[in-house]
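Please keep the sequence and the model in view while reading.

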Amino acid sequence: MAFDKKKFIHKFVDEANDHIDRLNDGLVSLESNPGDQETVSEIFRSAHTIKGSSRILGLISISVVAHKLEDALSALRDGKISQSKVLFNLLFKAADLISEFVQRVQEGEEVEDDTTEICERLEKAALGELEDEVVSEAPPEKVIEKTPVVKTATEQAPLKKESPPPPDL
């Protein structure tokens with residue numbers, strides 16, 4: 001008898017959405033209560049559960065992102081990295097991406113997105129190498145260079161008053 005994952009998708013979506021809510025609520029709570037180990041452990045468990053259940057159902061994109069999110073949360077829980085705005089922006093972005101993927105699964109879509117970029121950033125975060133990065137959702141501001149003004153020879157030196165021509169002798 002073959003495993004029919006369609007029977008389990010509805011339950012997965014419901015449970016994943018609950019865990020995503022816990023992730024987001026926990027991250028918001030951590031922002032205002034830095035270092036709350038109980039909250040870190042709770043959101044770690046949510047990421048862990050999403051990772052496992054999505055792996056069982058063959059939802060690899062979700063599982064891979066959840067695994068890297070779990071690694072970053074593990075490093076935070078174990079005191080290997082510290083909280084920062086850059087880290088939280090990344091953790092929220094990962095939770096949002098997982099949420100988007102779960103929504104697509106609920107709608108019957110395949111989720112086979114390239115998750116390399118976010119997974120690499122989460123991996124850097126887990127190793128404590130993220131702090132040097134600048135996170136910006138907006139494109140960098142354009143630098144407008146002023147064109148140098150080139151003065152002509154007459155503009156550079158003041159005009160000398162011409163002397164009258166010498167008288168005819």
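D18 is partly exposed, its relative accessible area being 43%; the class lies between buried, under 20%, and exposed, over 50%, judged with a 1.4 Å probe and protein chains only. The residue D18 belongs to helix α1 (residues 6-32), where helices are DSSP runs of H or I with at least four residues, numbered from the N terminus.

The model is predicted: local features need pLDDT of at least 70, side-chain atom pairs count only at pLDDT 80 or more, and totals for chains, interfaces and linings use all residues. Residues are numbered from 1 along each chain as its sequence is written, and side-chain values use heavy atoms, with hydrogens and water left out.

D14, D18, D21 and D25 form a negative surface patch. Such a patch joins like charges within 9 Å, from residues with over 30% relative accessible area and no salt bridge.

Side chains of opposite charge can pair when their charged atoms come close. Seven salt bridges are found in the whole structure, each a side-chain nitrogen of Lys or Arg within 4 Å of a carboxyl oxygen of Asp or Glu. One of them joins E70 to K51, with the closest N and O atoms 2.9 Å apart. This pair links distant parts of the chain, 19 residues apart: E70 in helix α3 (residues 60-77) and K51 in helix α2 (residues 37-56). E70 is buried at 5% relative accessibility, and K51 is buried at 18%.

A network of salt bridges links E100, R104, E109 and D113. Within it, R104 meets D113 at 2.8 Å, N to O, and pairs with E109 at 3.4 Å. R104 is buried, at 16%, whereas D113 is partly exposed at 29% and E109 is partly exposed at 39%.

Methods
Patch = residues over 30% accessible without salt bridge, like charges linked within 9 Å, V, L, I, M, F, W, Y side chains within 5 Å. Areas by Shrake-Rupley, 256 points an atom, 1.4 Å probe, with all protein chains shown as cover. Lys, Arg positive; Asp, Glu negative; His and termini not counted. Charge placed at Lys NZ, Arg CZ, Asp CG, Glu CD. Helix = DSSP H or I, 4+ residues; strand = E, 2+ residues; numbered from the N terminus.
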